Amino acid sequence: MIEEIRISSLGVIDSSTLELGPGLTVITGETGAGKTMVVTALGLLLGGRADSGAVRAGAKQARVEGLVAAGALPELVAGIEEAGGEAEDDGVVLARNVSAEGRSRAFAGGAAVPVATLAELAEPLVAVHGQSDQHRLLKAQTQRHALDRFGALEDLLAAYGDVRDRLVATERELAEVAATARERAREADLLRFGVDEVAAVAPQPGEDAELAAEEARLGHADTLRGAAEQAREALSSEHGSPDALGAVAAARGLLDGVRDHDPEAAELTDRVAEVSYLLSDVAADVASYASRIDTDPARLAAVSERRAALIALTRKYGDTVDEVLAWAEQSATRLLDLDSTDDRIKELTADAESLRGQLAEAGLRLSEARAEAAARLGAAVSDELTLLAMPHAEVTIRVARRTTEAPADTARPPGDLLRVGEEWVRFGRSGLDDVEFLLAANTGSEPRPSTRGPRAASSPG
């Protein structure tokens with residue numbers, strides 16, 4: 001139901017909000033208060049003809065919005081989503097803009113839609129009663145709804161709708177995959193080149209940082225070794241020169257000679273001894289470090305070459321080798337998806353073909369049930385007309401499949417065409433059929449659609 005109507009710049013109404021609730025709502029007011037504009041606004045929401053003369057003087061456009069509680073209207077929700085709009089649990093907004101220049105735009109669930117689509121979506125929301133007829137019952141969609149309700153065909157209609165929704169979703173995905181197949185192939189080639197390039201270099205986690213440190217060490221090997229040998233000589237001389245160990249040993253000897261006279265002197269002696277042990281260890285480590293320094297130019301060249309290969313990768317695929325490896329792993333996963341495009345197209349094509357067969361079966365069951373219900377409803381309404389002093393009137397309900405010519409490519413028919421037996425039929429959300437109520441007011445009269453007047457019977461001969 002429509003819960004709220006918001007009107008702006010329409011006729012005498014500058015801005016107004018009308019909240020509606022269950023039960024009877026009566027709009028009253030003196031002449032010129034805007035009652036007619038409320039009805040005009042409602043007509044615009046229902047897809048009625050737009051009149052630029054109804055735009056408030058001085059305004060660029062008039063706008064009407066209707067907030068609809070769509071929870072109990074699944075067909076409305078489905079129609080809005082199919083049109084590209086969004087329906088929320090608390091309601092959906094239908095809107096209509098009319099510019100002062102005469103242009104009109106319609107919206108459903110936030111998406112721009114043709115006015116005809118807005119009219120189709122909003123049709124179940126309002127029944128307009130005139131002085132002489134019930135306008136809503138004259139619409140084909142309403143006649144079909146009435147027949148389906150009479151025949152209790154909700155389950156068959158829901159089953160048909162479920163298959164149709166799955167078919168539409170499958171064919172939409174198939175179209176998207178097929179349309180992007182060339183782009184996906186190009187993307188796959190680029191990714192495959194990159195993954196192969198990374199695999200050819202075969203970097204190891206953290207290798208770039210390790211090689212950078214090794215290259216720096218190899219590039220300054222002579223300087224490092226010279227500094228290490230001088231440091232070792234300063235700590236522990238091999239040529240009898242004064243060194244740190246000798247100086248510490250002398251200090252330890254002096255303090256050791258007086259340690260028995262003062263506990264503090266004994267403590268200092270022990271600490272100097274610890275320093276002596278530490279210096280010995282450090283001197284040995286420095287000597288070992290100096291002996292291990294590699295001055296091999298071939299190794300330096302190999303490290304530089306390897307680093308250049310890694311840098312070429314990090315320029316393209318990540319700031320570090322670890323990021324390059326992560327990119328390669330993600331790209332390999334993406335390649336599996338891209339390389340399966342042909343298989344996915346085949347799978348979707350098979351699914352669509354199977355769903356089309358299921359849809360044809362569901363549509364036939366619905367059509368047959370409608371035909372049976374149409375016979376019963378037509379007889380029941382004719383009996384009622386007899387009680388209304390129309391004893392010769394007869395109502396028939398025609399259920400006709402929307403047959404059409406075979407498409408040029410029967411292997412890939414357009415989205416709204418379906419092969420049913422030997423026929424090609426246009427299908428929609430409500431099935432394969434057009435439903436039409438026909439009335440023959442008098443004996444011998446030709447049954448006419450209820451939207452037209454009766455035709456007199458022609459004389460034989």
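Reply: Two strands pair if DSSP finds at least two bridges between them; strands (E, at least two residues) and helices (H or I, at least four) are DSSP runs, numbered from the N terminus. Strands of a sheet pair through backbone hydrogen bonds, either parallel or antiparallel. This is a predicted model, in which local features need pLDDT of at least 70 and side-chain atom pairs count only at pLDDT 80 or more, while totals for chains, interfaces and linings use all residues. Residues are numbered from 1 along each chain as its sequence is written, and side-chain values use heavy atoms, leaving out hydrogens and water.

Me: Which residue stands opposite Thr404?

Reply: Trp424 in E10 does. E8 and E10 (residues 423-426) are joined by two bridges in the antiparallel sense. The open sheet has three strands in the order E8-E10-E9. E8 (403-404) and E9 (417-420) are its edges, each with a single partner strand, so one side of each lacks a neighbour in the sheet.

Me: Which residues of helix H1 are buried?

Reply: Buried means under 20% relative accessible area, exposed over 50%, and partly exposed in between (1.4 Å probe, protein chains only). In H1 (residues 35-45), Met37, Val38, Ala41, Leu44 and Leu45 are buried. Seen down the axis of H1, they fall within an arc of 120 degrees, so they line one face of the helix; the arc is that of the directions from the helix axis to the C-beta atoms. On the other side of H1, Thr36 and Val39 are exposed.

Me: Is Arg164 buried or exposed?

Reply: Arg164, in helix H5 (residues 154-179), is buried, at 7% relative accessible area.
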